[in-house]
Amino acid sequence: MKIQLTVNGSRYEKDVEENRTLLRFLREDLGFTGTKEGCGAGECGACTVFFNGKTVNACMVLAVEADGGSVETIEGEVKDGKFSVIQEAFDRNHGLQCGFCTAGMILSVKELLHRNPKPTEDQIKDGLEGNFCRCTGYTQIIESVLDASGQLPKKGELHHA
Amino acid sequence: MLQSFRYMAPRTRPELLDLLAEYGSRAKLLAGGTDLLVTIRAGVHKPEVVIDLKKVEGFSGLSWSQTDGLVFRPTTTINEVLQDARVRKDYPLLAACAHDLASYQVRNRATVIGNVVNASPCSDMAPALLCLGATAVLSSKSGERRVLFQDFFIGVKRTILRPEEFLERIEIPAASAGVKGDYRKLKRIQGHDLGIVGVAVALKGGKLNIAVSSAAPTPVLVQGLDAGIAVEAAVEAVAKATSPISDVRCTKEYREFMIGTYVRRLLQEVRA
Ligand SMILES: Cc1cc2nc3c(=O)[nH]c(=O)nc-3n(C[C@H](O)[C@H](O)[C@H](O)COP(=O)(O)OP(=O)(O)OC[C@H]3O[C@@H](n4cnc5c(N)ncnc54)[C@H](O)[C@@H]3O)c2cc1C
Ligand code: FES
Ligand code: FES
C-alpha cells in the first residue's frame, strides 16, 4: 500500500507492506535508526515516537495506520545542529550510558514536560513508567528531567552553596 | 515480523458492517492495536484481514448526556478517559482504573472497548464498568443488542460478541455519576505491569458493588450488598464469588489473601 506521511517536518511517500510496523518502517525504510527496537511488544518504550502529537510505542503501530499522519522521532530534536533543552540536560547529568533507551526516554520526557512543566520526582517516575533503562538506575534520568524543567540548581551555584 | 494480512480502513459505519458480514471470523478489528498487534506477532491470531476502526466517521471521543450517560466509542482511548474533566469529577472509579492500565504511551493508543473485547481476566477497565452498571451496545447488519457487562464476558478472552458484530458503544448511566469508589491493583513492581489482583468498590445509593480482576476466568461482580454490611461479611461474599488460581505471577493463596485485604481497605476508604 502506498502511504504519505510527514516525519520531522518532511513529507514522504512510499510503498509499504501492510504488516510492517511503523518502527521497522522508520528504521529500515526511511533510515531513522535513532528509534530503537527493544522488546517489540509495548513493554520497554525504546521505540517511543510522537505520532499525531502523542507518544506511542512504534512497535505496536502499523506503518499503514500512519498514512496521512505526522511522526516525530529523536532525529527531530536537534535544531540547527543544537541539542534541545532536554537533550542538553541528559548530557549534563549523565542521563544515559549505553543510550539504547535514550531516544524513547527523551521523547517521553518531552511529552511529560508539555503536560506538566514542573513535575515532582513521583510525577516523573509515573510519567516515565513505560520507558525502561537497564543502565543508569534512573537516578540520573530523574535529575536530567529536574534539570530540564529548571528545578535543579545550576552546577556553578551548587559549588558556591 | 508480523504474519501477512490485508489492511482495510472503512470510512463509514455501513462500510464497516458490510466488511464484518463478509469476513466474519477471518477478520480482526483494530482499535489501538496494543493487544491485537502483540498477539498477531506472537502467532496467537492469524487474521486474513485487519479492519482499522480509527478512520470510521463518528467513532471517536466521549460524550455525556442525561439520557445516555457517559458514552465511549470504538476509538476512545484510556488517556482520553483519564483526561476528561467530567470523568475525574463524577466517575472517580473509572479514572482510578484507567490510571492503573499500562504505561502513558500505551494509554495514548489503548481503547476502553479494545480492553473489554480482549476480555482478559486481568482487564483493568472491566471492574469499573461492572461496578457502575455499564451497558455494551453490540451492532451488526441485523441490528443492535444491549447487554450489561456481567453478561458480556463468558470465559478467559471470550465474550458474547459474534464474528459479524462489533462493540459500538459503552454507556455508563448518568445515575452512576457521583458514585464514590476506588480501585486497588496489586502488581509485582511499582511501574506498569499486569495485575496480580485488582479490586474495585463502588458505593451507589444504599448499595455496595465490588468487582475483582485476575480472580476467575472472567472479571467478577458482586453487586447489591447492603452499604452497611459488616466488613467480614463482604470479604466472605467476594471470596465465594471468586476462584483465583496459581500462575507465573503468584499463588492462589496470595491472591485470596490480597483480595480480602483490598476489600477491607477499600470499604474503610469509601465508607469514611
Ligand atoms: C505493555 C502493555 C501493558 C499492558 N498493560 C495492561 C494493563 O495494565 N491492564 C490492562 O487491562 N491491559 C493492559 N494491556 C493490554 C491492552 O493495552 C489493553 O487491553 C487495551 O485497552 C486494548 O485496547 P486496544 O484499543 O489497544 O485494543 P486492540 O488491540 O485494538 O483490540 C483488542 C481486541 O478487541 C477487538 N476489538 C477492538 N475494538 C473492537 C470493537 N469496537 N468491537 C469488537 N471488537 C473490537 C480486536 O479485534 C482485538 O481482538 C497492556 C498491553 C501492553 C502491550
Ligand atoms: S520495542 Fe516497542 S515498547 Fe519495546
Ligand atoms: S542508557 Fe542503557 S538502557 Fe538506558
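## A salt bridge within chain B

The side chains of B:Lys141 and B:Asp18 meet in a salt bridge, with 2.6 Å from N to O. B:Lys141 lies in the loop between strand E6 (135-140) and strand E7 (143-148) of chain B, while B:Asp18 belongs to helix H1 (residues 13-23) of chain B, so the pair ties together parts that are 123 residues apart in sequence. Side chains of opposite charge can pair when their charged atoms come close. Over all chains, the structure holds 28 salt bridges. The model described here is a predicted one, and the values that follow should be read with that in mind.

## Where chains A and B meet

In this model, 32 residues of chain A are in contact with 30 residues of chain B. The size of an interface is often given as the accessible area lost when the parts come together. Between chain A and chain B the buried area is about 2500 Å², and carbon and sulfur atoms give 51% of it. On the side of chain A, the residues A:Asn19, A:Met60 and A:Glu129 supply 27% of the area that this chain buries against chain B, which is more than any other three residues supply.

A:Glu129 also takes part in a salt bridge, its partner being B:Arg107, with the closest N and O atoms 3.6 Å apart. Across the interface of chain A and chain B there are 3 salt bridges by the rule applied, and the rule for polar contacts finds 16 residue pairs there, both residues being at pLDDT 80 or more. The elements that give two or more residues to the side of chain A that touches chain B are strand E3 (48-51), strand E4 (54-57), helix H3 (102-115) and helix H4 (121-127) of chain A. Of these, E4(A) provides the largest share, with 4 residues. By type, the residues on this side of chain A divide into 10 nonpolar, 12 polar and 10 charged.

## The surroundings of ligand 1

Ligand 1 lies between chains A and B. It is surrounded by 34 residues, of which the closest are B:Leu29, B:Thr34, B:Asp35, B:Thr111 and B:Asp124. The residues of this shell divide into 18 nonpolar, 9 polar and 7 charged.

Several side chains of chain B place polar atoms beside the ligand. A polar side-chain atom of B:Thr111 lies 2.6 Å from an oxygen atom of ligand 1, and a polar side-chain atom of B:Asp124 lies 2.7 Å from a nitrogen atom of ligand 1. In the side chain of B:Lys185, an N or O atom is 2.9 Å from an oxygen atom of ligand 1. Taken alone, ligand 1 exposes 990 Å², and the protein buries 94% of that area. The elements giving two or more residues to the shell around ligand 1 are strand E2 (27-30), helix H7 (112-118) and strand E10 (166-172) of chain B, and H7(B) gives the most, with 4 residues.

Definitions and conventions
Residues are numbered from 1 along each chain as its sequence is written. Chains are lettered from A and ligands numbered from 1 in the order in which they are written. This is a predicted model: local features need pLDDT of at least 70, side-chain atom pairs count only at pLDDT 80 or more; totals for chains, interfaces and linings use all residues. Side-chain values use heavy atoms; hydrogens and water are left out. A residue is near a molecule or strand if one of its heavy atoms lies within 4 Å of it. A polar contact is a pair of N or O atoms within 3.5 Å; within protein, one must be able to donate a hydrogen and the other to accept it, and residues adjacent in sequence count only if both atoms are side-chain atoms. Accessible areas come from the Shrake-Rupley method with a 1.4 Å probe; for residues, only the protein chains shown count as cover. Ala, Val, Leu, Ile, Met, Phe, Trp, Tyr, Cys and Pro count as nonpolar, Asp, Glu, Lys and Arg as charged, and the others, Gly among them, as polar. Contact means heavy atoms within 4.5 Å. Buried area is the accessible area (1.4 Å probe) that two parts lose on being put together, summed over both. A salt bridge is a side-chain nitrogen of Lys or Arg within 4 Å of a carboxyl oxygen of Asp or Glu.
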